[in-house]
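Please read them alongside the model.

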Amino acid sequence: MAEFILRRILQALLVLIVMTVLVFFGVNVIGNPVYIFASSECDQACLARIIADLGLDRPVWEQYLVFMGNLAQGDLGNSFTHGVPALELIFERLPATLELAVMALLLALAIGLPLGMRAGLKPNAFSSRLIMGFSMISFSVPVFWIGLIMIVVFSVQLGWMPAVGRGETVMIFGIDFSFVTFSGLHHLILPAFTLSLIMMAFVIRLTRAGMREVLYSDYIKFARANGVRERRVLSLHVMKNILIPIVTVLGMEFGGIIAFAVVVESIFSWPGVGKMLIDGIAVLDRPLIVAYLIFVVFMFVILNLLVDILYTLLDPRVRLGAASA
Amino acid sequence: MKKWLVGLMAAVLLAATPGVAQEVLTIGVRSEASSLDPHWTQLSADLQVQEHIFERMVALDSASQPVPGLAVSWEPLDDTTWEFRLREGVTWHDGEPFTAEDVIFSMDRLRGGISGAPASPAFTLEKGGKTWEMIDDYTVHIYTDGPYPTVAEDLAMVPIVAQHAAEGVTASVDFNSGQAAIGTGPFMFEEFDPGNRISVVRNPNWWGGDVQWDQVIFRPVGQDSARLAALLNGDVDMIDYPPTIDLPQLEENPDFAVSTIPSDRLIYIMPSYRHVEEFIRDNDGNVMVPNPMRDWRVRRAMSLAINRDAIRDRIMGGASLPTRNIVPPGFFGYVDDLEADPYDPEAAMALLEEAGYGDGFQITLHGPNDRYINDSRILEAIAQMWSRIGITTEVDAMPRNIFFSRLIRGDELTMPGFDVPEFSVSMTGWGTVAGEATYTVSGTLETYNAATGGGNGNFGRYSNPAIDARSVLAKQTIDPEERLAILQEAIQIGMDDYAYIPIHFQVNNWAMSSDLVHEPRTNERTLAIEVNRAE
Amino acid sequence: MTDLAQDVPGPRTSNFRLAVRRFLASPTAVGALLVFAFFCVAALLAPWIAPQNPYDLAQVDILDSLLEPGSESFTGMTYWLGTDGQGRDMLSAILYGIRISLMVGLLSGFFALIVGTTVGLIAAYRRGWAETVLMRIVDLQLSFPTILVALILLVILGRGVDKIIFALVVVQWAYFARTVRGVALVEGSREYVEAARGLRLGGVRILLGHVLPNCLPTILVVATMQMAAAISLEATLSFLGLGLPPTRPSLGLLIANGFDYLQSGRYWISVVPGLVLLAIIVSANLLGDRLRDILNPHLRR
């Protein structure tokens with residue numbers, strides 16, 4: 001196990017180095033952030049002074065070495081735009097993204113599970129066809145388009161939902177959360193639902209497939225034959241059997257949700273890390289972009305590690321590291 | 001768990017208690033302030049929030065003309081000395097008195113350099129080689145190298161911070177936390193929640209009188225249509241930059257009001273004057289020698305081919321001011337009889353014919369697509385219009401993070417080295433922040449000179465000795481009338497020569513619920529002090 | 001599902017017939033195929049059937065901007081789907097947009113298929129360290145969300161059709177590689193491959209002549225799904241301002257541009273391209289679904 005984890009960490013480091021090189025040099029080629037910020041009256045001497053102050057006049061490889069040196073000490077540098085340590089900015093805005101992602105996950109399960117079970121129980125019913133059609137559409141429709149339509153329909157036309165931003169927050173364990181206040185929840189629903197659609201499609205399909213598999217398995221038939229009530233059969237046996245694959249897939253897809261949050265956050269002006277990334281890209285805030293990436297790589301490594309470990313716990317037949325044999 | 005419930009209930013009760021009605025103004029803004037350190041950048045998005053908290057010696061009125069701020073008066077004592085008398089009885093938000101020491105501290109802080117600041121206003125202090133001295137608690141002298149007329153305009157860009165609060169703090173960080181965000185302005189720092197909201201509360205002791213809002217909240221909403229949606233469904237009371245396409249509907253809607261004023265931002269086409277241009281080709285795709293942009297008839301033809309009224313009506317929702325001036329009406333240097341060129345494609349084609357380009361040629365028009373109001377749509381419209389007179393135009397619109405680097409320096413991969421603007425014909429904008437034309441003439445019309453800073457925005461490398469002489473002279477002429485005459489001459493010469501092709505001044509718009517009235521500002525900033533409840 | 005036919009020489013024809021018959025049995029699948037084919041033909045013929053060349057600025061007139069569907073231009077041309085803010089005929093813009101969206105989807109799918117299949121086959125055939133390294137890269141690639149990787153790549157590369165295709169290939173090849181390797185491993189252990197080995201046929205010949213053809217059905221399924229994903233991803237990236245240049249809009253950009261007009265009631269500028277995009281992606285996904293059910297016994301149950 002220790003060897004497995006170590007190998008994973010080494011891989012992550014490799015990815016990290018490749019990513020930082022790419023981004024560092026790439027962003028540098030695109031342009032110079034000073035030109036974006038500069039006032040029209042800032043003359044050549046003024047530009048040169050700022051560029052020197054930010055260290056942007058030095059060769060890129062030199063800037064990169066300085067950056068890596070600082071990184072080794074846990075310093076990701078200050079955001080060009082905000083002058084605040086980039087890591088601090090990320091942690092400040094992470095709760096909003098996590099809140100959105102978890103809410104999307106819960107919505108996907110709360111809506112997807114019952115729908116999927118229904119579709120699995122009576123596959124030929126009209127309602128089941130509707131459900132599968134819905135899952136196909138929610139899987140196919142581009143997230144940004146549905147987000148825009150949601151704003152137009154629910155906030156502008158109907159006026160039921162706020163269009164932008166996060167509601168009031170309450171501090172719990174030193175972190176601001178908004179889902180505990182009414183306004184917070186109110187603001188959360190539209191973006192979370194938009195974000196949950198793709199995941200919901202997955203849940204519906206997995207539940208339906210699992211449902212059908214289990215329903216035709218011998219022990220369910222046996223249980224029925226023994227007169228166990230239908231509802232009980234469903235709730236106990238079926239749920240237990242289909243939850244395992246769903247949990248694992250969702251564990252892996254959670255990363256995808258965080259990534260798609262970039263899109264949803266920029267549509268709904270949700271103050272999370274995804275919107276921060278897009279804003280950072282617009283002004284070439286290199287420290288911010290790089291810090292976000294490092295953070296994401298780190299998060300994915302942890303997430304994948306957890307899923308792998310979970311696998312071994314759920315299914316002893318999976319032997320860790322078997323793939324590298 | 002229980003504590004949490006009690007807290008929640010208390011919060012609900014508090015919100016429900018009638019008590020004194022809180023006057024809260026929520027403003028949806030296009031761009032978020034990046035920092036509350038007023039010496040950090042020169043971005044309007046930053047300044048407009050900071051100006052609620054911090055003030056300057058010289059304030060700008062809604063037409064960007066200098067008016068007393070923390071200084072009550074100023075005058076030149078001789079050619080190189082200006083005396084500023086400060087306002088007495090002003091206190092900082094924490095109750096400490098404001099004195100000349102704070103002014104000196106603020107200017108010293110800028111001169112010392114704000115480490116990491118991407119666009120500090122320090123350069124305004126460099127201009128004219130300014131030095132300063134405290135005479136007494138309420139008098140400051142500013143010295144310049146030689147005669148220098150625009151000291152007051154420059155100081156309007158220098159926010160004053162409190163020495164006792166800002167000494168030794170970390171730039172930006174300690175201001176964002178509120179620790180050093182102690183100003184003299186009408187509002188006091190309350191909260192900076194990045195990406196979500198910035199809030200300020202009323203300063204009960206403001207020297208300028210009663211402040212009408214108990215709390216002002218800025219919410220960044222970058223998406224134009226989402227910002228409008230937030231206004232329409234009441235999330236916010238007011239927004240800046242309403243999508244121009246929706247302006248007619250907003251104006252008709254009795255629940256909403258729109259405020260409008262011409263901006264100081266000129267949108268113009270900048271031709272490039274080098275002998276050979278990469279992006280100008282004849283109809284067979286060959287580079288043209290000489291570069292047709294060097295013929296003023298071609299430039300005039302291109303100007304005449306632009307239907308500025310159509311751009312205003314069809315793209316800008318009526319919100320633009322077609323022009324041939326370089327500063328907006330009301331600004332020092334505006335030339336009354338410079339009228340926007342009429343739309344005259346026949347005359348344009350005749351001019352091209354006369355210049356020997358009757359068969360036309362091909363150009364690529366470069367410009368940003370996320371910087372100016374409707375920029376990429378204007379680019380496309382101009383390309384349509386030029387294509388009609390035979391100048392086949394391709395548009396290459398790009399995000400500002402790419403555009404400005406290439407505009408100023410060119411592509412560093414293909415053009416290693418420095419200082420080589422890349423584009424042959426580009427559309428860009430120039431904001432006359434100081435409210436007067438001296439540095440607009442110097443920045444856009446003077447010959448590029450890295451040593452003196454002349455022509456720092458002249459990326460087309462236009463060069464005209466008649467303008468250079470006047471521009472240099474204007475920068476040293478203190479007498480306003482004399483300087484005005486010189487500036488107007490320079491502008492007239494430049495525009496008659498079509499040094500560049502002005503399209504229009506942007507018009508600033510705000511949209512708000514109809515129970516608000518707003519006095520709009522030329523310089524694009526949204527200030528709560530200028531918003532009132534309608535009677 | 002033991003298919004005896006697979007082990008007999010020359011089984012593919014009958015398999016193919018069987019597959020076609022089963023495909024035609026599903027009205028949904030046939031409908032999806034028709035819809036998809038319709039859009040493909042429309043895209044292909046765009047330059048001939050579009051009333052206007054939306055890229056030729058001399059044909060577009062700003063004075064015709066924001067006309068409702070069915071309006072007539074000064075020259076007497078009818079704008080069946082209205083015009084956008086630039087005065088561009090929406091029908092033409094959509095036809096050309098489909099062209100770009102489909103081209104991006106098909107080309108990126110094709111290149112990803114080539115790269116991924118090659119890697120997958122090599123991994124399956126070589127085994128040993130080559131397989132380990134390649135499959136580790138695949139795993140790593142698959143563990144990151146496609147949108148994020150594509151986004152970062154485009155930030156670095158800039159905008160353009162070639163760049164977005166490159167970015168999409170980078171994020172999609174791994175799906176092909178993994179699937180192909182899986183199938184190839186199974187096929188590789190079958191008797192006919194053993195037999196070919198016994199005949200001392202060269203490795204490449206075995207791979208291309210025997211293993212690859214048997215992987216094709218699976219590749220086809222993955223390709224269909226990936227193409228749908230690519231079209232959607234391109235639209236999303238373009239919406240974020242990172243995909244294609246705004247002057248030659250794909251469906252995604254048309255939607256994004258049109259959104260600004262939605263609130264003032266000019267629904268046609270955004271909604272019609274949105275529906276077209278949705279129809280293309282849904283039909284491609286339905287096709288993929290059906291193909292998977294028919295062609296891929298491994299995934300079917």
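Q: Which residue in E20(B) is the bridge partner of Ile239(B)?
A: The model is a predicted one, in which local features need pLDDT of at least 70, side-chain atom pairs count only at pLDDT 80 or more, and totals for chains, interfaces and linings use all residues. Residues are numbered from 1 along each chain as its sequence is written, while chains are lettered from A and ligands numbered from 1 in the order in which they are written. Strand E13 (residues 238–240) of chain B runs antiparallel to E20(B) and is joined to it by 3 bridges; strands (E, at least two residues) and helices (H or I, at least four) are DSSP runs numbered from the N terminus, and two strands pair if DSSP finds at least two bridges between them. In E20(B), the partner of Ile239(B) is Ala511(B).

Q: How many bridges join strand E14 of chain B to E20(B)?
A: Within E20(B), Ala511(B) is the bridge partner of Val258(B). Strand E14 (residues 256–271) runs antiparallel to E20(B), and the number of bridges is 11.

Q: Which residue in E20(B) stands opposite Leu321(B)?
A: Strand E16 (residues 320–322) of chain B pairs with E20(B) in the antiparallel sense over 3 bridges. Opposite Leu321(B) stands Phe505(B).

Q: How many of the 13 residues of strand E20 of chain B are buried?
A: A residue is buried if 20 or more other C-beta atoms lie within 10 Å of its own, exposed if 12 or fewer, and partly exposed in between, with C-beta atoms placed from the backbone. Strand E20 (residues 501–513) is largely enclosed by the rest of the structure, because the buried residues number 12.

Q: What is the phi of Ser269(A) near?
A: Ser269(A) lies in the loop between helix H10 (230–268) and helix H11 (273–282) of chain A. Ser269(A) is buried, with 25 other C-beta atoms within 10 Å. Most residues other than glycine have a negative phi. In Ser269(A) phi is positive, near 50°.

Q: Is the peptide bond from Val289(B) to Pro290(B) cis or trans?
A: Pro290(B) is in the loop between strand E15 (280–281) and helix H10 (296–304) of chain B. With omega near 0°, the bond from Val289(B) to Pro290(B) is cis.

Q: How many residues of chain B are in contact with chain A?
A: Two residues are in contact if their C-beta atoms, placed from the backbone, lie within 7 Å. From chain A, 48 residues take part, and the number from chain B is 49.
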